[in-house]
Amino acid sequence: MPSKVYGDKDDPLYFGYTCIKGREFPAMHLAPERLLASQKRRPDGAHDAIASDLAISEIADRVSHIVAQHGPRSVAMYIGTNGACDVRTAQVGMAWMAALGSRMIFTSITIDQPGKMTAPALHGTWLAGAPTLAHADVWMLIGTNPIISMNGGLQVNPARALKKAKERGFKLIVADPRRTECAREADVYLQCKPGQDVPLLAGLIRVIIEEELYDKAFVARETANFQRLIEAVAPYTAEFVAAHTGISSADLESAARLYASGRRGGVNLGTGPNMAGRANLVEYLGKSLMTICGHWLQEGDEIGNPGVLINRGPAIAGTPGPVPAWGFGMPLRVKDLGETAAGLPTAALPDEILTEGEGKIRALFVLGGNPMLAWPDQIKTHAAMKALDLLVCIDPVMTATGELSHYVIAPTLPLETGQPTIVQEMVQGAGSGWGYPVPYGRWADPIMPVPAGADLIDDWHLFYRIAQAQKLQLNILPASYLNPMLGRDYAVSPDMSRVPSDDEIWRIMLNGSPVSLSELRAKASDRGVIFDRPIMRVEARPEDWTGRLELGDLTMMAELALVAAEPAEPSPGDFAFRLVSRRLNDMHNSSWHFSPKQRRRWGYNPAFIHPDDAMRLSVKTGDLVEIRSRRAAITGVIEVTNDLRPGVVSMAHGFGKNPGEHEDPRSNGASTGRLISADVDYDPYTGIPRMSAIPVNIRRIEGDGAGKG
Ligand SMILES: Nc1nc2c(c(=O)[nH]1)N[C@H]1C(S)=C(S)[C@@H](COP(=O)(O)OP(=O)(O)OC[C@H]3O[C@@H](n4cnc5c(=O)[nH]c(N)nc54)[C@H](O)[C@@H]3O)O[C@H]1N2
Ligand SMILES: Nc1nc2c(c(=O)[nH]1)N[C@H]1C(S)=C(S)[C@@H](COP(=O)(O)OP(=O)(O)OC[C@H]3O[C@@H](n4cnc5c(=O)[nH]c(N)nc54)[C@H](O)[C@@H]3O)O[C@H]1N2
Ligand SMILES: [Mo]
């Protein structure tokens, strides 16, 4: 039985890299907190173990009953971070929803970085894609810290990739109110005010245009409405940017000049800017910055990864042009929201559950997610979860959401099932420097046995077996096509009289993949391999091609005008601090907080503040404070650090308990989601409310005196 995880130094891509979450995997499989049987809620709120067969047939009955009474739209699905990690879960789950006739599928994307999907729709996708780090001279990271988060940008083993790139003169620009691990490596670091990324990006674009540093030939050939962008960024003068962002004109100019000086480059925005109020616009400006500098891959450039398990689209130096980012598909009943390029608005799902009337959502399936500690507006989420007729979670532990669930289905864990490296390839479309830079692939056989006496199922079995009980025929799409429309030709309608074997389901998932499942297993079973794929180079677009990258989308230009009219301090005096989101190195969202190794530093989510602020508030590390927003108050534990911009309090999410439950700030942490309101200051398209740069006040809690000094 494996007890230790270590990196394979000879791996041709990771070079021995592992993260603490990976190293903790075996411990998670054996953790005493792990559920070894599914759970059913009693009327008094406690849970009893239930045989998985019985749970599945009871759930199928209840769903059938709800659908018969209220129609398929009353059943919704939420795919969380661990519902997306094993592609079988989401693919079979979505096939079941399709068979049921419900389109109410939500994911964490709309409460994470929705601009990653809407901006390419508004701007147009450059089919050749962005350069990998190895082929770039300059890079900009805005509110993202991939050395720790692995959020894309710097690719796999980011610290090593960055070091290699810097050895050959590569330059890095970082903008973040917190001096992050990435900021320490930066050639230019901008310690900007949070929530002011629109002025920052518009200011950078203005400098590049005014100093004529942009790629004139590329802009003339491949873009539309450049003039509109020129006019829209004109108000973002050096003085305006300095007042709004706290960045001096000298620093702004040196960042702009450095970025424009590169031949190939990338721009990555992360959760910070996407959560700070203008997700679509900040990502749109990020794409526009790459475009005016002509930083995309060009004709003749080599494509780093032509695809191993995923079919990469054609590598053409051109764009089909913009496609609708919203205003299509199925409308919600609330807040005038509907389908978007980033999916349905998860932040509005509680409203869909709480709003009476035809189509009201009554049943929710949560796949590897934890709404109670992840969705914005914990108070409203709590009301919604309690209002459901049926709440089912698939989760290896009893979570805050599990406590409110009618059923918690106990799944197998990754080391107990075979897995290919497909998810890492699927994310390649999320931006520059995402996915594998080379055609790397690997198949991992199960290496740990399912614990003796446990009654566990692979997540996807739940939906397959509910469908069997409901006599529904599934039509399962492969995961090997990023475009589900193309993947349709490869969909499989299995014989529903039996459950497919592991081998069969993986064949369906990889149906039509460039490298087949059997080739992957034969060549890359005991270690990762860089596959010998034909070299792919970017081709010229046909002369008569009409698609252009849109630099002047009217909705985005109107939003630029709105921000240009905002005062530098939106609410002077009212709320002295801005609460910003962050990741903790040892923890992953709300998962596995009980793991002793992950708790070795902090078992909670500290409230990081600058020493000057600590002095002003008369607090020191370890002291308790009240953090109050317009919506609610939580108790935080102070951690003083020089890394932050004064006036900013930085806290991770995913901690604390359900509202009304006793919470020990030094052991459970606190829920930052409770401070958020889903009903004010939300994006009119994706529904994401302000989840970073939240106005708050901080007050010392008198008489606590338990600080560490
Ligand atoms: N205030 C605030 N809110 C935020 C954010 C923020 O920065 N600030 N960040 C947002 C972001 S970026 C995201 S992605 C969302 C996350 O939203 P969610 O995905 O809803 O939340 P997680 O905490 O990632 O939930 C993961 C769940 O998966 C379970 N799990 C762990 N391993 C497995 C497994 O192998 N199988 C299964 N089935 N389950 C498993 C864990 O126990 C946990 O309950 O939260 C968002 N919410
Ligand atoms: N160790 C660890 N790794 C993780 C996770 C985890 O919980 N722990 N979560 C995973 C998930 S679900 C995701 S989505 C990714 C996220 O990956 P990233 O987006 O890289 O997440 P962070 O490391 O929090 O970086 C966000 C940065 O934004 C800054 N910031 C906050 N507000 C603003 C703002 O208004 N403007 C600017 N410019 N910056 C701002 C914060 O200070 C922070 O440094 O990470 C993933 N990886
Ligand atoms: Mo996320």
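Q: Is Asp679 buried, partly exposed or exposed, and what do those words mean?
A: Buried means under 20% relative accessible area, exposed means over 50%, and partly exposed lies in between (1.4 Å probe, protein chains only). Asp679 has a relative accessible area of 37%, so Asp679 is partly exposed.

Q: What should I know about the model and its numbering?
A: This is a predicted model, where local features need pLDDT of at least 70 and side-chain atom pairs count only at pLDDT 80 or more, while totals for chains, interfaces and linings use all residues. Residues are numbered from 1 along each chain as its sequence is written, chains are lettered from A and ligands numbered from 1 in the order written, and side-chain values use heavy atoms, leaving out hydrogens and water.

Q: Which residue forms a salt bridge with Asp679?
A: Side chains of opposite charge can pair when their charged atoms come close. A salt bridge is a side-chain nitrogen of Lys or Arg within 4 Å of a carboxyl oxygen of Asp or Glu. Here the partner of Asp679 is Lys335, with the closest N and O atoms 2.8 Å apart. The two are 344 residues apart and link distant parts of the chain. Lys335 is partly exposed too, at 24%.

Q: How many salt bridges does the structure hold?
A: The structure holds 43. One of them joins Arg333 and Glu352 (3.0 Å, N to O). Arg333 is partly exposed at 27%, whereas Glu352 is buried at 0%.

Q: Where do Asp503 and Arg507 lie?
A: Both are in helix α24 (residues 502-509), 4 residues apart, so about one helical turn separates them. Helices are DSSP runs (H or I, at least four residues), numbered from the N terminus. Asp503 and Arg507 form a salt bridge at 3.2 Å between the closest N and O atoms.
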